[in-house]
Amino acid sequence: MKKLLITLLAIVATFNTTQAQTSLVATLSHEGETSAYYGAEALANAVAAAENGDVITLSSGLFKGVKIEKSITVRGAGMSIGEDGSQPTTISGNISASVDNITLEGLFVNGVLYIDGYTNSNDMFIKCRFTYVATSGGGNAYNMRFIHCKIANGAHLYGNSSSTFVNCIVCKPGNTGMYNFMNCILLFTEGNNEAGYGTSPYSIGNSTLTNCIVYNAGGNGFPKSTTMAYNVGNKEDLWSSSTLSSNAVVEDLTTLFEDFTGAYGDDVTFKLTSTGAAYLGSDGTQVGVYGGSLPFDPTPTNPRITKAQVAGQSSADGKLSIELEVNGANH
């Protein structure tokens, strides 16, 4: 784990002492200059001030949801408690992505990620947790990329939308979007998803799965148009229409996991037992999220604010001292 201690001097015209004491900080980096915003509205305020290409870095804590209409990057402190005890960056409410080339990383979003189907392509979501992911507006979103993400209760991309999921845990994906799942865990558990729709593996018939683990609590298997190879599932009909013999069936899939018992949970690691790890993918590594070339790791790859100390008042010349501890993964 890399550690970096930096001090920012923010020049303020007017300053509220109550705001200075808060631990909620958003820093906006624009053309080499850094601005700081405070409180639950800090993310929204930073987004409002940002321009295309800017980077916003969030501390741990609870921030309000936001609509993003600029091609920017938003980086949080992580979607879970870190090994060093650092707290996640939580977004209360929804995030709406309404433009191309948005990148989100290290966020726990307890609402919905809405991707505008008429305007969006090439958005990237890294090491984030979402309750539900959906396209809005009825159009298609293209080349969406999810890496090391968790989706707790549904992913529905409309029509011909295209997306790639790499080493992700996705509960109840569906609709007609074209999904490419690589080293993922797909969970079709009991009950409807966040939008109130029931899902089954049949609902992702336009998808490609490679080195994945599929848990199906009921419903139909995949249609013939789906390409599948080197996957593990708990029902024979998952692969009944596939001409490939490299898929495996394990009657009780929960025996392959250390802590998964049939229901999604944010604290479930989905690590495989020695029995589960013996099922290998096309690259010779284990199937599921800890296999492949990018084994799952919730730690953000970019520097993240894990500690923020703000001076109680500005200096005589109008400068405010902010001490930030920033951690980042080594990979």
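**Exercise 1. Find the contacts of Ser200 in this predicted model, leaving out residues up to four places away in sequence. Is Ser200 buried or exposed?**

Solution. 
- Step 1: locate the residue. Ser200 sits in the loop between β19 (185-188) and β20 (208-210).
- Step 2: list its contacts. Ser200 touches Phe188, Gly218, Gly219 and Asn220.
- Step 3: check its accessibility. The relative value for Ser200 is 13%. The cut-off for buried is under 20%, so Ser200 counts as buried.

**Exercise 2. Describe the surroundings of β19. Which residues cover its two faces, and which residues are the bridge partners of Leu187?**

Solution. 
- Step 1: recall the rule. Side chains of a regular strand alternate between the two faces of the sheet.
- Step 2: sort the residues. Ile185 and Leu187 lie on one side of β19, Leu186 and Phe188 on the other. All four are buried, and both faces are covered.
- Step 3: take one neighbour. β16 and β19 are parallel and share 3 bridges. Cys171 has Leu187 as its bridge partner in β19.
- Step 4: take another neighbour. β19 and β21 (residues 213-216) also run parallel, joined by 4 bridges. Here Leu187 is partnered by Tyr215.

**Exercise 3. Work out the strand order of the open sheet of 11 strands. Which strands stand at its edges?**

Solution. 
- Step 1: write the order. It is β3-β2-β4-β6-β8-β10-β12-β15-β18-β20-β22, and the pairing is mixed.
- Step 2: look at the ends. β3 (33-38) and β22 (227-229) each have a single partner strand, so one side of each lacks a neighbour in the sheet.
- Step 3: Neighbouring strands are turned by 10° against each other on average, ignoring direction.
- Step 4: zoom in on one pair. β4 (residues 55-58) and β6 (residues 73-75) pair in parallel over 3 bridges.

**Exercise 4. Follow Ile56 into the largest nonpolar core. Which helix gives the largest share of that core, and how do its buried residues lie around the helix axis?**

Solution. 
- Step 1: The core has 51 residues, and Ile56, Leu104, Phe146 and Phe181 touch the most other members.
- Step 2: name the helix. Helix α2 (residues 42-49) gives the largest share, with 4 residues.
- Step 3: check the contacts of Ile56. They include Leu43, Ala46 and Val47, as well as Ile72 and Val74.
- Step 4: list what α2 buries. Its buried residues are Ala42, Leu43, Ala46 and Val47. They fall within an arc of 130° seen down the helix axis, so they line one face of α2.
- Step 5: find what that face packs against. The partners are β2 (25-30), β3, β4, β5 (61-68), β6 and β7.
- Step 6: look for another core. A second, separate one has 22 residues, including Phe108, Ile185, Ile213 and Val250.

**Exercise 5. Compare Asn101 and Lys172. What is the phi of each, and which level of burial does each have?**

Solution. 
- Step 1: recall the background. Most residues other than glycine have a negative phi.
- Step 2: read the angles. Asn101 is not a glycine, yet its phi is positive, about 60°. Lys172, also not a glycine, has a positive phi of about 60°.
- Step 3: Asn101 is in the loop between β7 (89-97) and β8 (103-105). Lys172 is in the loop between β16 (169-171) and β17 (173-174).
- Step 4: Asn101 is partly exposed at 44% relative accessible area, whereas Lys172 is buried at 4%.

How values were computed: Residues numbered from 1 in each chain as written. Predicted model: local features only at pLDDT ≥ 70, side-chain atom pairs only at ≥ 80, totals over all residues. Heavy atoms only, no water. Pairing = 2+ DSSP bridges. Axes fitted to C-alpha atoms, helices over the stretch in contact; angles between N-to-C directions. Buried < 20%, exposed > 50% of the residue type's maximum accessible area, 1.4 Å probe, protein only. Core = buried A, V, L, I, M, F, W, Y, C linked by side-chain atoms within 4.5 Å. Contact = heavy atoms within 4.5 Å. Arc of directions from axis to C-beta.
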